[in-house]
Amino acid sequence: MAFIRRRRLERELYSKERFSLLLLNLEEYYFEQHTANHIINKDCKDERKFRGSLKICSKSIIFEPDDNMEPIIKIPLRDCSSIKAPEDNEVNNPFTRSTPGGISVVCSQVFLIKERNVIAPYKTVRGRTEHLFQLDVAWKVGDVVQTLHQLYRASCLDKMGDQAAMITAILQSRLARTSFDKYRFQSISETLHMECKAEMVTPLVTNPGHVCVSDANLYFQPLNGYPKPVVQITLQNVRRIYKRRHGLMPLGLEVFCTENDLCSDIYLKFYSCQDRDEVYRLIAKYIENHIAEHTAESYVLQWQRGHISNYQYLLHLNNLADRSCNDLSQYPVFPWIIADYSSSVLDLTKPETFRDLSKPIGALNKERLDRLVKRYQEMPEPKFMYGSHYSSPGYVLFYLVRVAPEYMLCLQNGKFDHADRMFNSIAETWKNCLDGATDFKELIPEFYENDSSFLVNSLKLDLGKRQGGKMVEDVELPPWASGPDDFLQKCQEALESPYVSEHLHEWIDIIFGYKQKGSEAVAAHNVFHPLTYEGGVDLNSIMDPNEKVALLTQILEFGQTPKQLFTTPHPQRKIQKLKSLSRTSSHSTSIAESPVSPNEESFEDLTEESITLAWNNIAKLKLDTQCKIHKEAITGIAVTCNGSSVFTTSQDSTLKMFSRDSKTIQRSVSFSNMALSSCLILPGDTTVISSSWDNHIYFYSIAFGRQQDVLLGHDDAVSKIFWRDGRLFSASWDSTVKVWHCVPGETLSNKKHHFELLAHLEHDVSVNTMDLNAANTILASGTKEGTISVWDVTTATVLHQLPHHSGTVFHAAFSPDSRHLLSTGEDCCFKVIDVQTGMLVSSVSTEEPQRCFKWDGNTILSGSQSGELLVWDLLGGKVTERIKGHTGAVMSMWMNEQCNSVITGGEDKQIMFWKLQY
């Protein structure tokens, strides 16, 4: 329960302070504080002096007495008629005499806050009053008075835009005169990477200061030193970062040091998009694959798979859609689920117990909807169906007023709402959402959490008396709830129920999906004011500051529509496959923690752009030359680093070395009378390794032209081998994959390789193919019975066993970013698996079996059973190009790192050399 947890943490950290930024007006800044005495009725018999802290804010003067029984005094600058320090010629003025360091303030209105330390509506004292504040440091009086005069002039400007512009100029001048205090670094060895100005965002308020990024930490130093001198985030602890839209502008950045918590560790608003993006870039270096892992698509797969609950999925979607507990105009939105608040027993097996999730709140009542549609049809452009939103700061605090009363007082200028309009009853609130002319609000995450304190008036707040004379106390619960905790428990059960799991995608379509905008939104009766949508207004194009401030104020009060995450219908959850879910369940992190960035591999001078260009033109692959070099089908291809020599293996039991320049066979080696299944060249181009159907793996020295070593590693044919970082991976028909540590022998002596078995991955049936991810931590294997297994190599444990093919899996390969695994088999299907979740993302049928392939994550180049090379659009599930090739099945394929040169080996005993021709 992010909002309530934050409030409790604040109370624990600053329990002695009654002042908070919530005492300021919206869009007001707190600049500085001075220890001072507040003197009342100077030189009179009833003179009183209160010790405390004087706060200088952009629109007010606030005095916080040390005595908690005395009220905090807030003086709006616009209500002041005089602000001055005593002059020498005022020695006869009894109000200022003998008061060094004094500042006299004359005003027409004062607010008294937290009198007797009770949270309550502000008390207003009207009429001319004089206040004398005596600073402990007398020499600062001149500067303070000068600042107050500047801020007073700003507050007296007629237009809000002019006020905001002048206050912003004062703020920027203060920020420009200060910088981050490097003595706040955690270590003297830290290196500064960047410093800029920004504001720390918390609900309803922002706090200006300086952001500093070092090689180890992110710092924020508030200009006013509140609530503490510096906020520090260790970069290595950061788990997630998100660029945010704040105040309709792409200036926000939210940093999380947890994986699943809704509440971030810091939310920053920058003054320029460039500063925001640079801080994002610097922090992102410390997070592996933060962009690749945290996409809507990845959560869709996990949710469909049952790896995360409905609740967790909605939290993720809210997070991705710019919803944050730090921004009440974009607070996370959750749906009303239950429609029955009158029965004594809640029956979650009855569909009528639930709200229709395919419709927005405003469309649930047909009679009301008919009136709204008629008004919409008669409305001039820009049209909108609803005059209020389903999520706004007022609605959030409507639900949370009992645990966050100070936020409500801040939002409503020191007042609570009328008692009859408060959150009094679950049933009443639901009824008003169904019948009210302007009430279309959804719920907040707290209704599906475990903390019920927002339903109970535990602070004993005086929230007013209703028309019937009843005081506003705890929220009235439906008959089927025995208490607040039971109510939340039943709400959670409803959210995770089969009915909701089957229909939640319909609500997602409305809030985050394709029914959010355009003609689909109109058809779904889901049209709100244009200003609430992302991109609905370009603030940079508005030159009038008053118009800009008015728009921002309107949005803050009205609320904002989430960022659109899906533009096509959201897939339905397959509830029959759901597993038992726990909010606190942990999943295997071996995949998530493994580096899968495509930037891991060193491509030397290659660029991603050149590889992308090659794949965009892969259909222009042209045959360069072809040679028949074997007597049987070719099973493996390996090429030296300089590309001059090509090694091939064949079912004719030979390993051959072919010169690309002379187009001649230079060597032919036979290790036994059994077929060879694959080959590879060790780094340095000195040794070729071949796997054989005779259960052996052979090491051949290129330099000395002889067999160097042999490994009897399996009890049946070895089908595939890989070499990575001094480790040999071998797959076999004996139903195993083995990982070996190999120490090469000395070529000029009789010493042999030393082989140490590191891992033994047991399967149920013969293994026909395998592949490794870029980090060499995840291995995928395909069997003769069609099962794809995904293994954590570091722990030798299976992560997923997926029977995705019927019949032999011919080939499997990770995408360049290692997020997905593509496989093909004799069942004439391509299958794409999400490696993180093990979920089948896509299945594409082929006319004939595809024996081998290369792919870039989107496009596939495959070798078919008939000998053609086919180019596939994976997302479209179709062939975009057919290239005539072999006269028999394409058995093996090699592609260079630039992806512009291909070699294929066929059942027709030939190798073919292909080049891209742009």
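This is a predicted model: local features need pLDDT of at least 70, side-chain atom pairs count only at pLDDT 80 or more; totals for chains, interfaces and linings use all residues.
## The nonpolar cores

Start with the inside. The largest nonpolar core has 101 residues, and within it Phe447 and Phe487 touch the most other members. Helix α13, spanning residues 498–511, gives this core its largest share, with seven residues.

Leaving aside residues up to four places away in sequence, Phe487 touches Tyr341, Ile426, Phe447, Leu455, Leu477, Pro478, Trp480 and Ala481. There's also a second, separate core of 31 residues, and Tyr29, Ile75, Ala154 and Ile167 are among them.

Next, find helix α3 (residues 160–176) and helix α15 (residues 545–558). Their axes come within 7 Å and cross at roughly 95°, so α3 and α15 are roughly perpendicular to each other.

Which residues make the contact? On the α3 side they are Met160, Gly161, Asp162 and Ala164, while α15 brings in Pro545, Asn546 and Val549. Sorted by type, the residues where α3 meets α15 come out as four nonpolar, two polar and one charged.

## Salt bridges, buried and partly exposed

Now for the charged side chains. When their charged atoms come close, side chains of opposite charge can pair. Across the whole structure, a search turns up 25 salt bridges.

One of them joins Lys114 and Glu406, with 2.7 Å between the closest N and O atoms. Lys114 sits in the loop between β6 (102–113) and β7 (123–135), and Glu406 belongs to helix α10 (residues 405–411), so this pair ties together parts that are 292 residues apart in sequence. Are the two partners buried or exposed? Lys114 and Glu406 are both buried.

## A strand pair and its network

Another salt bridge brings together the side chains of Glu254 and Arg244, at 2.9 Å from N to O. Glu254 is in strand β13 (residues 249–256) and Arg244 is in strand β12 (residues 240–246), 10 residues apart. Glu254 has 0% relative accessibility, so it counts as buried. Arg244 is buried too, because its relative accessible area of 2% falls under the 20% cut-off.

For a contrasting setting, look at Lys359 and Asp356, whose closest N and O atoms are 4.0 Å apart in their salt bridge. Here Lys359 counts as partly exposed, at 36% relative accessibility, and Asp356 is partly exposed as well, with a relative accessible area of 30%. Back with Arg244 and Glu254, salt bridges that share partners join them with Arg245, Asp322 and Lys563 into one network.

Notes
Residues are numbered from 1 along each chain as its sequence is written. Side-chain values use heavy atoms; hydrogens and water are left out. Axes are lines fitted to C-alpha atoms, for helices over the stretch in contact, and angles run from 0 to 180 degrees between N-to-C directions. Helices (H or I, at least four residues) and strands (E, at least two) are DSSP runs, numbered from the N terminus. Angles under 35 degrees count as roughly parallel, over 145 as roughly antiparallel, 65 to 115 as roughly perpendicular and the rest as oblique. Contact means heavy atoms within 4.5 Å. Ala, Val, Leu, Ile, Met, Phe, Trp, Tyr, Cys and Pro count as nonpolar, Asp, Glu, Lys and Arg as charged, and the others, Gly among them, as polar. A nonpolar core is a set of buried Ala, Val, Leu, Ile, Met, Phe, Trp, Tyr and Cys residues joined through side-chain atoms within 4.5 Å. Buried means under 20% relative accessible area, exposed over 50%, partly exposed in between (1.4 Å probe, protein chains only).
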